[in-house]
Amino acid sequence: MPMYQPNSHGNVKLDMGSGGHLLDLQTTIKGGILGPVGGGLVCTDVKEKLDLRKMVGELESIQVPSVFICPISLDPMQEPVTLCTGQTYERSNILKWFSLGHCTCPTTMQELWDDTVTPNRTLQQLIHSWFSSKYLAMKKRSEDVLGKAVELLDSLKKVKGQARVQTLKQLRHVVVAHSMAKKTVMDKGGAALVSSLLGPFTTHAVGSEAIGILVNLELDLPSKANLRQPAKISLIVDVLNEGSIETKINCTKLIEMLIEGKDSGSDNVSSLSLLAGLLRLVKDKRHPNGVLAGLGLLNTICSDESLRSSVVSIGAVPPLVELLPSLNNECLELALYILEVLSTVPEGRLALKDCANTIPNVVKLMMSKSESCTQLALSILWAVCKLALEECAALAVEAGLAAKLLLVIQSGCNPVLKQRSVELLKLCSLNYTATIFISKCKLTRTIQ
């Protein structure tokens, strides 16, 4: 990145690196050294002077040439001033430096023989010109994108068949790539228009593209209520069961958007077909993003107590238990939370007890992941052991539960978790003599 070096006359020059030469700012402006936008580096025909502070704020994510950066704040300079050492800083930053009692140059640490700060008008003009060109180019792109979104919405009202699919595809690309287009689509009634295309006779091609658009919009309450209509939900579930992995994830996220919140009526949205589709998505280890999306929606559904028995009835417990060892931390906490919630209903506790790997898989997770995972695992084991103490407690102790519980008790975990560990430890020891139980714990003499 070029570095500027003020000369003794105050004219800023750019060092073009080893073997190069020094260029003054006027040459740099004419030659577009810092990178042209459109036809050149700067926009010199701007009729109305743009506010630099506003431009810097709106272009905060853009890469700014190092010559425009204040060495103190590392932010773009808006009022650059130069010291007697030839170094340039933002005025407010260098004055604050002086107010703290410093009498040196922050960059070189040279003692200043003159504390005068000289406005660097040439650099300020270049900064303003550079930001103006970038800002105007951004605004032009924004206008082009918004115009394209409006044009596609108008076309969508007229076209049919394959042309409708292509229009939806283009609109989806615009919405996904440009956040500014999302508000325009909502303001122009795009959500209602796209939603109207979903129904019992909608093809999966149209449905997939329409869902891909809707899931990327910030849907308001009327739009969500419209999408909860049985015919639309039925189509979304069908597409979930038969679409590509990207489409499955979009369907899953859209349904979660529709049922989140206390008054969403998730029981009207959820169905056995949906649950079965989610279970297939979760079991497909080839697509971690799909597993995460599926677990997220299952978690939301299980928050409704009336639906937990349905989740158990489709056989969700065994696959979730089998998945536990292979899940990343984010998915693992979701899976454990789902299993813990399902353990609150009789069918769920029975399914957990009947699954051969519940106890060994859950015991292994204790004190090996996060404290949250340990707490959820402990809750699951408590529910299973209470259901069939003699059978499950023995299996749990053989799997190393007692030793894990003692680790929890001796750790820095929260008091509630420690107390629950003590209670479960007592429960597991009921069928053993003290000597045998201690030997089962696999403890050293010192810990004994």
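At 34% relative accessibility, Met-367 counts as partly exposed; buried means under 20% relative accessible area, exposed over 50%, and partly exposed in between, with a 1.4 Å probe and protein chains only. The structure is a predicted model in which local features need pLDDT of at least 70 and side-chain atom pairs count only at pLDDT 80 or more, while totals for chains, interfaces and linings use all residues. Residues are numbered from 1 along each chain as its sequence is written, and side-chain values use heavy atoms, with hydrogens and water left out.

Met-367 sits in the loop between helix H19 (358-365) and helix H20 (371-387). Its phi is near 60°, a positive value in a residue other than glycine. Most residues other than glycine have a negative phi. Leu-74 also has a positive phi, of about 60°, although it is not a glycine. Leu-74 is found in the loop between H2 and E4 and, at 60% relative accessibility, counts as exposed.

The protein chain has 24 helices and six strands. These are DSSP runs numbered from the N terminus: helices are H or I with at least four residues, strands are E with at least two. Of the 448 residues in the protein chain, 47% are buried. Among contacts (heavy atoms within 4.5 Å) with a separation of 6 or more, 64% join residues 24 or more positions apart.

The buried residues of H11 include Lys-248, Asn-250 and Cys-251. In H5, the buried residues include Val-165, Leu-168 and Arg-172.

How do helices H13 and H14 pack? The axes of H13 (residues 272-283) and H14 (residues 288-302) come within 8 Å and cross at roughly 145°. Axes are lines fitted to C-alpha atoms, for helices over the stretch in contact, and angles run from 0 to 180 degrees between N-to-C directions. Residues of H13 that meet H14 include Leu-274, Leu-278 and Val-282, and their partners in H14 include Gly-290, Gly-294 and Ile-301.

The structure also holds two aromatic pairs. In one, Phe-68 and Trp-130 are edge-to-face, 5.7 Å centre to centre with 65° between the planes. Phe-68 lies in the loop between helix H2 (52-58) and strand E4 (80-82) and Trp-130 in helix H4 (residues 121-156), so the pair ties together parts that are 62 residues apart in sequence. In the other, Trp-130 and Phe-131 are edge-to-face, 5.1 Å centre to centre with 85° between the planes. Rings of Phe, Tyr and Trp (its six-membered ring) pair if their centres lie within 6.5 Å; planes under 30 degrees apart count as stacked, over 60 as edge-to-face and the rest as tilted. Phe-68, Trp-130 and Phe-131 form one aromatic cluster. Phe-68 and Trp-130 are buried, and Phe-131 is buried too.

Leu-427 lies in helix H23 (residues 415-429) and is buried, with a relative accessible area of 14%. Leaving aside neighbours within four places in sequence, Leu-427 is in contact with Trp-382, Cys-385, Lys-386 and Leu-389. Leu-427 and Cys-385 are 42 residues apart in sequence and 8.2 Å apart in space, C-alpha to C-alpha.
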